[in-house]
Every structure is written in structure tokens, then in C-alpha cells.
Amino acid sequence: MTRLRQFLSPGMRLGVLTAAIAAGCAAPEPLTREVDSDADSHIKSMCKLLDSAKAFRFQVQATMDRPVDTGQLAQFHRTSDITVVRPDRLFANTESDEGSWSVWYRGKLLTILDRDENTYATETVPDRIGEMLDYLADEHDIVMPMADLLVGGTYESLLAEVEVGEYVGLHSVADTPCHHLLFHQENLEWQIWIDAGQQPLPRKLVITYFDEPDEPQYVATMDKWELAPTWSEETFTFTPPNGAASVSLSDLVASTEED
């Protein structure tokens, strides 16, 4: 796995990518879903709030387990600041233990900058955020941080493969009381904590990959939410740094391959 893939993504999106269906492939067989009413109500409220926002900004503090050469799991950290303006603007800045990246998306133009190497790639992509994210996953195996929260249709995206969901209780993230929900789907379980105050915003997410050795986890806390942020077109417009080298996105990904 490349540094780019490791630190732009937790490893996968929770929901089914929509590109295959949009391309005319058969939809998957519908699941038998058992989600209790409290869990369903709270996650629907969160998704409705996010879907109603024309623009939003937030920060993600995440840790990811992955194996190192000894076979043991090591924990790596990243911080991502994300700004979204629907339907076709996105900026993400990621600082991690093993790399620093920035992403600009404006209309059909996507640019990813490896700030450590001062190299960047610009590629023509679909002109909607959800379709662009699907394109990146399908063509380059890259998933943006918190992709399921960015696309709109958030409820359908998050629960696409969920088999069981339950309400665990009212628990705090830092000092914020939150509704704690637990979901199970094939190959993984995930938990989400939703602010119990006036705005049902996601505050924490934990994904456990129980079919992988030692059951690695992805843990993210989300804060600094702004549902009506100030922004300008410059936010989503890439200007190459001094001395930066332009490469293809495939080459940018390949250049970060681990030994």
C-alpha cells in the first residue's frame, strides 16, 4: 500500500460505491437489515443535517492500525481539515505521521499535492463530489477522509451494507454528550457517536475490521464543525508551489510505494 493511499483513507468506504450502479451494473441483492428505532432515528437526524448543508468545514483527528515488518500492528496518526461546497467543490489538507497531502477539487479538475516531495498531479474527473470520489476509488484505489459524509445521500451511503444496528446509550466524546450507535456489516463493525445537542453532528467514528489479523481499528474524532463557512473560489484553486514538479496521478501514487 502506498503512503498516499494509507493517509488519505482509512482503507475503505463504509457504503457501496455508486459508480458501478451508475455505469449500468446490476445492483447488489437487498440486505435484510435490522436497525432498532432509536439508532435509526438518530443517524437519520445526523444525515438530514449534513445533507441539508450547502457547505461545511470540519477537522478529523484519526488513528489507524496497520501491520509493520514484524507483523505487529502499529498505530499511525493523521489530522485532516476538510471543506466542502456542494455539488462540486472540495479542499482537504492532511498531516500524518508518514506524509503531508493537500487536495483541491473544483468542477472537473482535481489536484493532489505531496507536500513532502513537492510533486503534484492534476486530473480531469467527474463534476460531482460523489462521482469524483467513486472515480478515485475505482481508478486509483484512493478514498478521501470521511468520504461517506461528503457525498450527500448520507443515510443511504452509510447504511448501504449494514445488517444490524443498535442504540448503545448516551455517552460523551470529550465533554460532549453523544448518542452512541453500533452497526454490523460483512467484514467489519462500526460505531458512531452523534452530538446529543441541538445539532446532531458526528463526533466520533470507530471501524473494526474483524476479518483481518488482530482486528485493526480506524478511530476518528470530528470537531471544529462549521455548517455555513466563509469560502472563496481561491479555497478550491490550486497554485503550484515554487519548484513543484507535475506528474500523472498514477505516477504520484506509484512514487509513494513502500520498499
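Is cysteine 47 buried or exposed? Cysteine 47 is buried, because its relative accessible area is 2%, under the 20% limit for that class. The model is a predicted one, and the values below are computed from it. In the whole structure, a search finds zero disulfides.

**Cysteines**

- Cysteine 178 also counts as buried, since its relative accessibility is 0%.
- Cysteine 47 has a relative accessible area of 2%, and the search for disulfides across the whole structure returns zero.

**Nonpolar cores**

- The largest nonpolar core comprises 56 residues. Ile43, Trp190 and Tyr218 have the most contacts inside this core.
- Helix α3, spanning residues 37-52, supplies the largest share of this core, with six residues.
- Another core, of nine residues, lies apart from the largest one. Its members include Ala55, Val85, Tyr120 and Phe238.

**The β2 pairings**

- Strand β2 (residues 55-67) runs antiparallel to strand β3 (residues 73-85), and 13 bridges join the two.
- Within this pairing, glutamine 61 has threonine 79 of β3 as its bridge partner.
- The two strands form a hairpin in which five residues lie between them. Glycine 71, in the turn, has a positive phi of about 95°.
- Strand β2 also pairs with strand β12 (residues 217-226), in the antiparallel sense and over seven bridges.
- Here the bridge partner of threonine 63 is valine 219 in β12.

- Strand β6 (residues 109-114) is largely enclosed by the rest of the structure, because five of its six residues are buried.
- Six bridges connect β5 and β6 in an antiparallel pairing, in which tyrosine 105 stands opposite leucine 110 of β6.
- The hairpin of β5 and β6 has two residues between the strands, and glycine 107 in its turn has a positive phi of about 65°.
- The pairing of β6 with β7 is likewise antiparallel, with six bridges. In this pairing, isoleucine 112 stands opposite alanine 121 of β7.
- Four residues lie between the strands in the hairpin of β6 and β7, where asparagine 118 takes a positive phi near 55°.
- In a regular strand, side chains alternate between the two faces of the sheet.

**Aromatic pairs**

- Eight aromatic pairs are found in the structure.
- Phenylalanine 91 and tryptophan 104 form a tilted pair, because their planes lie at 55°; the ring centres are 5.5 Å apart.
- This pair links distant parts of the chain, with phenylalanine 91 in strand β4 (residues 89-96) and tryptophan 104 in strand β5 (residues 99-106), 13 residues apart.
- Both partners are buried: phenylalanine 91 has a relative accessibility of 18%, and tryptophan 104 has a relative accessible area of 12%.
- Tyrosine 120 and phenylalanine 238 make a tilted aromatic pair, with 4.8 Å from centre to centre and 50° between the planes.
- That pair also links distant parts of the chain: tyrosine 120 belongs to strand β7 (residues 119-124), whereas phenylalanine 238 is in the loop between β12 and β13 (245-246), 118 residues apart.
- Tyrosine 120 is buried at a relative accessible area of 13%, and phenylalanine 238 counts as buried at 16% relative accessibility.
- One aromatic cluster is formed by Phe91, Trp104, Tyr120 and Phe238.

**Charged side chains**

- Arginine 66 places its charged end over the ring of phenylalanine 76, at 4.1 Å from the ring centre.
- Lysine 204 lies over the face of tryptophan 193, with 4.7 Å to the ring centre.
- Aspartate 195 is located in strand β10 (residues 188-195) and counts as buried because its relative accessible area is 11%.
- The side chain of aspartate 195 makes a polar contact of 3.0 Å with the side chain of arginine 203.

**An exposed loop residue**

- Alanine 174 lies in the loop between β8 (162-173) and β9 (176-185).
- This alanine is exposed, because its relative accessible area is 73%, over the 50% limit for that class.
- Alanine 174 and threonine 221 are 47 residues apart in sequence, and their C-alpha atoms are 9.7 Å apart in space.

Note on methods: Residues are numbered from 1 along each chain as its sequence is written. This is a predicted model: local features need pLDDT of at least 70, side-chain atom pairs count only at pLDDT 80 or more; totals for chains, interfaces and linings use all residues. Side-chain values use heavy atoms; hydrogens and water are left out. A nonpolar core is a set of buried Ala, Val, Leu, Ile, Met, Phe, Trp, Tyr and Cys residues joined through side-chain atoms within 4.5 Å. Buried means under 20% relative accessible area, exposed over 50%, partly exposed in between (1.4 Å probe, protein chains only). Two strands pair if DSSP finds at least two bridges between them. A disulfide is a pair of cysteine sulfur atoms within 2.5 Å. Rings of Phe, Tyr and Trp (its six-membered ring) pair if their centres lie within 6.5 Å; planes under 30 degrees apart count as stacked, over 60 as edge-to-face and the rest as tilted. A charge sits over a ring if NZ of Lys or CZ of Arg is within 6 Å of the ring centre and within 35 degrees of the ring normal. A polar contact is a pair of N or O atoms within 3.5 Å; within protein, one must be able to donate a hydrogen and the other to accept it, and residues adjacent in sequence count only if both atoms are side-chain atoms.
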